[in-house]
Amino acid sequence: MTHIALVLFLAFLGGTFISKLRLPSMVGYILAGALIGPGILGLQGPTAEIQWLSELGIILLLFLLGLEIDIERFRSSMKTALAATLWQVALGLALMLPVAFYFDWSLPLGLILGFLVALSSTAIAIGMLKDLGAQGTHTERLATAILVAQDILVVPMLLLVGAFGAGTPNAWALARVGFALAVVVASMWAIFTLCRSPYWCERFGRLLSIGRKQPVIAGLAFCFGAAALTGALGLSTAYGAFMLGVLIGNMGAAGAPYRIAIEPIRDLLLMVFFLSIGLLLDVFFIIEHWIEIALLLGAVILAKTILNIVILRMLGVTDYRAYTLGAALAQVGEFGFVLIAAGLSSGFIDRDGYQLALAVIALSLVVSPLWLGMVRSYLAYRHIYLSGTKPDVA
């Protein structure tokens, strides 16, 4: 208990210190985890429990994120979001496969890096937009819709990684991928239908009323139940928790007690998740391969920003909003950790490939607020220079 208390206290100090620098506290948790981990202080060794803690944190975190998503707001931007996400996947693969070839990395590592380029962090991106005062604006609604579309596409990505993990996939593996896609489409249709039907809202509300007196316990039970169900179907456990969170969060009065009751533990779950990511980082690996990691990190951040801007402009998004969203979505998201963990366990990537991808994901989260600040400073300077007025984030 003393050891756990010390680790959590140091994580709290890291988050508090980073917050004083006007950066998201999640960045401080990652840095604190790297400091506490085996690479520097060695207060926490590289154990299987850390990996388990990270996966548990992802399930809980995405359940909470699902509770906050408004489907009606997503619906208004759905076409743009889906088109943008599909373009991100295609261009991400087109970018990272040549990079993998240049550095003589394996083809599977190039594929998984291409998938990672298409994913952004819901927690970081939405948090940064809220800090900018964009909450409730069209910019935040479009960002949320794109992030939801990315989260949905993670399921076929995971199935493809598993199918190709042992080499050339057989007919059964490809059939599982097709089944997963069908489940994703069916679950999305079901949730959209349920949330718009008074009949089904009333009946689902009765089910939620069972845990009305213990909303935290009941909410977590629903969360892990959905995660277990999708896991048993061969899908991502985090996807099940996320989709159930979306369903509960859009049940109006029936879902409100769960959102209110679980909200206070959000900060704790964020700390646990991002601390575990820092603990998994191999500092010695980063030092040994810092040139490759720095080049890849810079390429990912810059390429994602440019690709996002170009795609959003093609889809009719205004110039300033496209630049803001392009920079806000430039990091690699939470589902990236699920993806590389699945790649490692299935043999799709080796340990070095896992550490390389892990370092790029974690460092992209760390530098993302700084990158958004730089882009916004440039936009403000350009706008003031051209018009003499300050731009509007909305």
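This is a predicted model: local features need pLDDT of at least 70, side-chain atom pairs count only at pLDDT 80 or more; totals for chains, interfaces and linings use all residues.

Author: The structure has 3 cavities of 30 Å³ or more. The lining of the largest cavity consists of I69, I71, F74, V148, I152, M188, I191, F192, F242, M243 and V246. Two or more of the lining residues come from each of α4 (71-76), α8 (138-164), α9 (171-196) and α12 (237-249). By class, the lining has 11 nonpolar residues, with no polar and no charged ones.

The axes of α7 (residues 122-131) and α17 (residues 319-328) come within 9 Å and cross at roughly 135°. On the α7 side the contact is made by A125, M128 and L129, and on the α17 side by T324, L325 and A328. This contact of α7 with α17 comprises 5 nonpolar residues, 1 polar residue and no charged residues.

The loop between α17 and α18 (335-345) is where Q331 is placed. Q331 has a relative accessible area of 0%, and therefore counts as buried, the cut-off being under 20%. Leaving aside residues up to four places away in sequence, Q331 touches L119, S120, S121, I124, A125, M128, I301, K304, S364, L365 and S368. Among these neighbours of Q331 are A125 and M128, which also take part in the contact of α7 with α17.

Technical notes
Residues are numbered from 1 along each chain as its sequence is written. Side-chain values use heavy atoms; hydrogens and water are left out. Axes are lines fitted to C-alpha atoms, for helices over the stretch in contact, and angles run from 0 to 180 degrees between N-to-C directions. Helices (H or I, at least four residues) and strands (E, at least two) are DSSP runs, numbered from the N terminus. Contact means heavy atoms within 4.5 Å. Ala, Val, Leu, Ile, Met, Phe, Trp, Tyr, Cys and Pro count as nonpolar, Asp, Glu, Lys and Arg as charged, and the others, Gly among them, as polar. Buried means under 20% relative accessible area, exposed over 50%, partly exposed in between (1.4 Å probe, protein chains only). On a 1 Å grid over the protein atoms alone, a cavity is a set of points where a 1.4 Å probe fits but cannot get out, and a pocket is an open set with protein on both sides within 12 Å along at least five of seven lines; lining residues have an atom within 4 Å of a point. Grid points are joined across faces, edges and corners, and a volume is the space filled by probe spheres set on the points.
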